Amino acid sequence: SITKTDTRQWKKGGESADFAAEIYNLLMNNWGTNTIPIWDLMTAAIMLKPDLCEFQHLPLQVSTAADETSGQTMVIQGKDSNVWVCLQPNPDLIRQTLVEIFSSSPSTDS
């Protein structure tokens, strides 16, 4: 998760970085919290820098059953591994990477 301290550092990077910071700050304000999960943003950072996570190769399947398991991703024992999965992301490196990315974003100001 990130905090407003993290988003404050992003604001050094111009309009795009400001926009991202504003979105997360707004969510923290609306949810009445000082921290917020960054699932999608973390995923994007890991896609750019896979070394931010330790991956495992697992046999996964998404349930299509018409019951309470519908849509769940499950490990299927006895099957061949079919997906590389990030189960242990490095949160400190991810936060640092986001600061680096956003603080160096090119400004679109005229």
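Trainee: Hey, the link of Cys 53 and Cys 86: right-handed or left-handed?
Mentor: Right-handed, with 105 degrees about the S-S bond. Cys 53 sits in strand 3 (residues 53–58) and Cys 86 in strand 6 (residues 83–89), so the pair, 33 residues apart, links distant parts of the chain. Helices (H or I, at least four residues) and strands (E, at least two) are DSSP runs, numbered from the N terminus.

Trainee: What am I looking at, anyway?
Mentor: This is a predicted model, where local features need pLDDT of at least 70, side-chain atom pairs count only at pLDDT 80 or more, and totals for chains, interfaces and linings use all residues. Residues are numbered from 1 along each chain as its sequence is written, and side-chain values use heavy atoms, with hydrogens and water left out.

Trainee: How far apart are the sulfur atoms of Cys 53 and Cys 86?
Mentor: 2.0 Å. A disulfide is a pair of cysteine sulfur atoms within 2.5 Å, and the count by this rule is one.

Trainee: Cys 53, buried or exposed?
Mentor: Buried, at 9% relative accessible area, while Cys 86 is partly exposed at 26%. Buried means under 20% relative accessible area, exposed over 50%, partly exposed in between (1.4 Å probe, protein chains only).

Trainee: New topic: which residues of helix 3 are buried?
Mentor: In helix 3 (residues 39–48), they're Leu 41, Ala 45 and Ile 46. They cover an arc of only 135 degrees around the axis, so they lie on the same side of helix 3. That arc is taken from the directions from the helix axis to the C-beta atoms.

Trainee: And what's on the face turned away from the buried side of helix 3?
Mentor: The exposed residues Trp 39, Asp 40 and Met 47.
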